[in-house]
Amino acid sequence: MSLLELKGVTLSFAGSKVLDGVDFSVPAGHIVSLIGPNGAGKTSLFNCITGFYKPQQGSIQLAGTEMLKLKPHQVTQLGIARTFQNVRLFREMTVLENVMSGQHSRTRAGVIDAILRLPSQRREEAEIRQVAEECLSFVGIIEGWEREATTLPYGWQRRVEIARALATKPRLLLLDEPAAGLTSGEKEELIDLIRRIRNERDVCILLIEHDTGLVMRLSERISVLDHGVMIAEGTPKEIQSNQRVIEAYLGVEEDALDL
Amino acid sequence: MSIFDIFTNQLLNGIVLGSFYALVALGYTMVFGVVKLLNFAHGELYMVGGFAGFLVLSFLAPYLGPGWLGVAVSMVLAMIAVGFLGVVIERVAYAPMLSAPRLSILITALAVSLVLQNGMLTLTKGQYVPFGAALGFGGIKLGNLFISYNQMILVGVAAVLMLALELFVSRTQYGRAMRAVSVDKDMARLMGINVNAVIGITFFVGSALAAAAGSMAGAYYGSLWYFMGFLIGLKAFTAAVIGGIGSIPGAMLGGLILGLLESFGTQLPGVGSEWKDVFSFSVLILVLVFKPTGLLGKPEQERM
């Protein structure tokens, strides 16, 4: 049973095809990686899943619900969260406020309640704060919550971003190059964190990553995209020995891909 | 009058004037924050708010009286009506333009301003309209300083509205959504925030504050005029720039500072009250030259 199911997704910009009939799925409970050379269309695929790009053809379903017509905030409400290649925390907001903002779609109090600060609204604020604190603790940020988020060290900012994504209570978490710019120690912690997110919070993970070592260790399934076409899908072992993948990466035939 | 009396008197005048400026400046700065638009029609919403308050009061005065009770209820209803007007303006005139070049939308804003102004000119035939409130002349005397109850209520209401706004923006989920939208709209969408709804709320709140100022000004000064929004719109813009456009505390501070500068500035030797506007717009130019980001504004960070 797959949580995310893409069928024949085709996306073109000004006549040139960025994604060409992409079939792709994320099985429930799995950590899946999406790899491919630069310009293969990986980030475009993420943008289609989150509703920012509208594919001309195809279907994108989360647990059987068609999402093609949904706006980005509705996709988030359905249970998909994402982080970016370059950290994009909200400036001029504290760490805690950043993570609290992730729970917007789960807010029940209306604007009027908020303006009048009714008791129900205050209670909800306390709940939102509690959830944010829990998410921050989960990713290992246990202090500095009142600091302006963008003043934290880079590695911490990445974790805050993951905490903020978790605060939206996703069923599927998309991570766009989560290891970029991290030290090797931080990468180890990231691998551990991603596994814990899946195991303890029951969140499926789909990541784009160029660090192939990390991809091989972490992924249970790998899909390979090249020039907008899905050229391979399988376990890390199968992908490592797949001839088409090797050609895509190296442009020539090789005996083995030294991933 | 001693120097001290002049000082306290001008301080009071400055605070009253500054309250009006601040309320209008808040809408300017909030709208700029979320859609990066200088809403030059904002001053007209102050004017329309004054007329809306007048209209409601003329219906309610027989029941509630023309005193502060009637004015307060009229003000609240005017705020709601003009709040919705602001949302309609945003949806009809600005929303389709948001991805157009900045200059196009600025011209749209000027057009909206002219539509509202000339619409009211036609309706009122260019006449001054008496607001119809009767607020009384009571007050308290502190030494040589006379503070009217009207001034106290006016400043008090403005302070309460601003405090409520500050709490709304800093302590509620909608306020956080508003700040998130102003920083990064796409990221806000990924947080499940309905960006269009947040923009709508922002226009509603900003327009309602302008209407509050317009109704209070009508009640306080006694009459309304179709052109009354023009100058205060520019002054509020100046106040927002002084405080740092986009910053809510900045707009409050900027409004107060501008009000005080004007009331004290006119007391300087050789600077009569006819120089008031020259004075405030010179301040605008000086701020733009020496601290373009304003007192509380932060420099815009370019994203790589």
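Author: Let us start with the crossing of α2(B) and α3(B), which is right-handed. In this predicted model, α2 of chain B covers residues 42-64 and α3 of chain B covers residues 68-94. Their axes come within 7 Å and cross at roughly 140°.

Which residues of α2(B) and α3(B) make the contact? From α2(B) come L45(B), V48(B), G49(B), A52(B), G53(B), V56(B), L57(B), L60(B), A61(B) and L64(B). They meet L69(B), G70(B), V71(B), V73(B), S74(B), M75(B), L77(B), A78(B), A81(B), V82(B), L85(B) and G86(B) of α3(B). By class, this contact of α2(B) with α3(B) has 17 nonpolar and 5 polar residues, with no charged residues.

For α9 (residues 228-243) and α11 of chain B, the axes come within 10 Å and the angle is roughly 35°. The crossing of α9(B) past α11(B) is left-handed. On the α9(B) side, the contact is made by K235(B), T238(B), V241(B) and I242(B); α11(B) brings S280(B), F281(B), V283(B), L284(B), V287(B) and L288(B). These residues divide into 7 nonpolar, 2 polar and 1 charged.

P269(B) sits between α10 (248-265) and α11 (276-290) of chain B. Is P269(B) buried or exposed? P269(B) has 5 other C-beta atoms within 10 Å, so it counts as exposed. Between P269(B) and V16(B) there are 253 residues in sequence and 23 Å in space, C-alpha to C-alpha.

Now for the partner chain. Chain A gives 28 residues to the contact between the chains, and chain B gives 24 residues. On the chain A side, the elements with two or more residues are α2 (72-78), β6 (80-83), α3 (95-101), α4 (111-116) and α5 (119-138). α2(A) gives the most, with 4 residues. The residues on this side of chain A divide into 10 nonpolar, 11 polar and 7 charged.

The domain assignment of chain A gives domain 1 (1-79 + 170-259) and domain 2 (91-167), and their centres, taken over C-alpha atoms, are 28 Å apart. Here 11 residues of domain 1 of chain A are in contact with 7 residues of domain 2 of chain A. On the domain 1 side, α2 and α7 (184-201) of chain A each supply at least two residues. That side of domain 1 divides into 5 nonpolar, 4 polar and 2 charged residues.

Finally, two loop residues of chain A deserve a glance. A14(A) is not a glycine, but has a positive phi of about 45°. A14(A) is in the loop between β1 (2-13) and β2 (16-27) of chain A, and it is exposed because 4 other C-beta atoms lie within 10 Å. A63(A), not a glycine either, also has a positive phi of about 45°. The loop that holds A63(A) runs between β4 (57-62) and β5 (65-66) of chain A. With 14 C-beta neighbours inside 10 Å, A63(A) is partly exposed.

Terms used:
Residues are numbered from 1 along each chain as its sequence is written. Chains are lettered from A and ligands numbered from 1 in the order in which they are written. This is a predicted model: local features need pLDDT of at least 70, side-chain atom pairs count only at pLDDT 80 or more; totals for chains, interfaces and linings use all residues. Two residues are in contact if their C-beta atoms, placed from the backbone, lie within 7 Å. Ala, Val, Leu, Ile, Met, Phe, Trp, Tyr, Cys and Pro count as nonpolar, Asp, Glu, Lys and Arg as charged, and the others, Gly among them, as polar. Axes are lines fitted to C-alpha atoms, for helices over the stretch in contact, and angles run from 0 to 180 degrees between N-to-C directions. A crossing is left-handed if the near helix is turned anticlockwise from the far one by less than a right angle, and right-handed if clockwise. Domain bounds come from an automatic or database domain assignment. A residue is buried if 20 or more other C-beta atoms lie within 10 Å of its own, exposed if 12 or fewer, and partly exposed in between; C-beta atoms are placed from the backbone.
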